[in-house]
Amino acid sequence: MSDIVLNVENLSKQYRIGEIGTGTLSNDMKRWWAQVRGKEDPFSLVGQVNDRTKKAESDFVWALRDINFQVKQGEVLGIIGKNGAGKSTLLKLISRITAPTVGAIKAKGRIASLLEVGTGMHPEMTARENIYLNGAIMGMNKREISRKFDEIVDFAGCALYVDTPVKRYSSGMRVRLGFAVAAFLEPEILIVDEVLAVGDAEFQKKAIGKMKDVSSGDGRTVLFVSHNMVSVRNLCTSAIVLDQGQVAFAGNTEDSISYYLQSEDKSNIKLIDRTDRQGNGQLLFTKIEFLNSNREIVKEVFAGESIQIDLHYKVQKKFDASKMIFVLQFLDNQEQLMAAFPSDEHGTIFNIDFEKGEGIISLTIPSMLFRPNDYFIRILSFLGNTQGANQIDSINNVEKIKVLNNDFFADGRLIRNGNYTLLPGSYSS
Amino acid sequence: MKEEWDLVIKPQQKLLNLNLKEIWQYRDLLTLFVKRDIVTVYKQTVLGPIWFFVQPIMTMLVYVVVFGNVAGISTDGIPKPLFYLSGIIIWNYFSECFMQTSSTFSTNQDMFGKVYFPRLIMPLSKVVSGLVKFSIQFLLFLVVYIYFIINGVVVSASFSLLLVPFFMLLMAGLGLGFGLIFTSMTTKYRDLQFLIQFGVQLLMYATPIIYPMSLIEGNLKTIISLNPLAHIVEAFKYSFLGQGELSLYGLGYATVFTIIILIAGVLIFNKTERSFVDTV
């Protein structure tokens, strides 16, 4: 006996895109005949990889293709990937909501899935009635629910309203009630989709704490899907990255997250192809790259961590490099200037490699003192002074960088979102 | 290396995969669904469960006036209220079972898309909550029945009263079987929803609810005899009122018919439940 509790083998799921109709009767008959003989669907072989950006070549698409992974007991596996990478489909297959096209899932013990909290709750019924109903839908029996009833009410913090119809609850309260029921499920394998995204901060902390208890304390296995890298990082012991329906990466949480952050967002127009630039073009910027402290190319950075921004250039015509002024600016999504790095004031004189005709201008920021949000980068370059007429190559909205929430003050708490800078400092009284 | 897995999810499964053990494990869910159905219908109403009586009484009064007095259709000498009421309550049970189960997939698609439980629990719970409603209406029927007996109307019940639970089982089986077939088909072809609405209406006129079987003759009788519900309703009326037909041949036919429909329903339902989330 090994301690593997979930084994996913060659799992594939195919969807038909466009109209789901009968197609032609003869095709339907062929498919039906293949099914009767227990053969594989003859029309499923023409499927293609799930790439949303390309137009379909056939009527079928593989939402998942040849997924293989194993989960050990007590492991918390994070499943990350872009929208449409197949995360939800995978969860739906494992939680038996829909059947796979090819492959198999083998599991030991009960599986409970939490793709939504409060499934089946009826607004006209009281919290008490709904706890029983929701618990039973999740697979508990009456006795189990009765045993945990007080704990559930306590966790949801709704003891006062336990006999009030749920329709009078605020939406937040309803979520808490739903999560409370789910938190006291005792399956061997728990599947959680991004349900933690709702609810207030205090409750989120409670929920994450509860999930940690479930896996470390009781030795149960959790599959966790989220876009929120912070909670994945906090919660998971390992992770897999899905891309276009395939497992792109599997490994420990840190490696998976950085793989995911690197691979994300390749679809933008390359800087070299941009035409919305100003200046005489003696020098052109061709590429921008963000490097984290491990010198990996990323699109996102955790608040308070260091980052290096590399701007690749190519020379079109020789000029006096000692007079060059370069400015990199951060703007928020309202185009408000948040921070700037003017090279003349920094006292930098650039070494432009006219021999080779190309090179890199690097800016190192020791600490990204921003609240979590998206920030946009603008670059400006001038010859002599910063008047508009003297521009060499200036581009607005060069690239977006996402600042992720982090334990900014190194005390185990996350900071609030916002779009302004946070400076280090300390209070005393 | 051979390992023991508690659960194996595969693309193709056996044609008939009833898994009664699993349904038994979820029996608490079934009772809770039944409770939800009963409790929530009349929440925030003044009369509450009294509404369960109002519908059959009103329907009976309309039938007495329209079919009994205006159209003058014979009731085989049975007091009109009793004759119509007996037909109405047993018909209500069938139509409740059928109508409720035939929308299983479309009304529960949100829930089915989020959580797994044996899908058959849902239609089964509708059959049971239908039975609860039937019991309440049956009580009403008994009150009326006893009232007429006290007032000296001679109604001769028969020993086949003992078979009434079996008649109910047949009604439930037919309603459930047809419901399962229709709900499975409507996930792909929505047209059937419209058919169900007036289909049930039409079917009622092909069943001896507002008329006694004895009134029908010739070809029409052959056609109506094909309707398994006709035999069950007649046997039900015969048991309580002593008028009607208790045909063993007809009941045998209805039983076989019910079994076939039920098996077909479960088969189609089984096949649909595995992937309906993708097509609904």
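Colleague: What is the mean pLDDT of chain A?
Modeller: The mean is 82, and 85% of the residues of chain A reach 70 or more; pLDDT is the predictor's confidence in each residue, from 0 to 100. This is a predicted model, where local features need pLDDT of at least 70, side-chain atom pairs count only at pLDDT 80 or more, and totals for chains, interfaces and linings use all residues. Residues are numbered from 1 along each chain as its sequence is written, with chains lettered from A and ligands numbered from 1 in the order in which they are written.

Colleague: And where is the pLDDT below 50?
Modeller: Over residues 19-23 of chain A.

Colleague: Next, how many residues of chain A are in contact with chain B?
Modeller: 36, and they meet 27 residues of chain B. Contact means that the C-beta atoms, placed from the backbone, lie within 7 Å.

Colleague: Which element of chain A gives the most to that side?
Modeller: Strand 5, with five residues. Strands (E, at least two residues) and helices (H or I, at least four) are DSSP runs, numbered from the N terminus.

Colleague: Now the open sheet in chain A. What is the strand order?
Modeller: 6-7-8-4-9-10, with mixed pairing. Two strands pair if DSSP finds at least two bridges between them.

Colleague: Why is one side of strand 6 and of strand 10 left without a neighbour?
Modeller: Both stand at the edges of the sheet, each with a single partner strand, so one side of each has no neighbour there.

Key:
Two residues are in contact if their C-beta atoms, placed from the backbone, lie within 7 Å.
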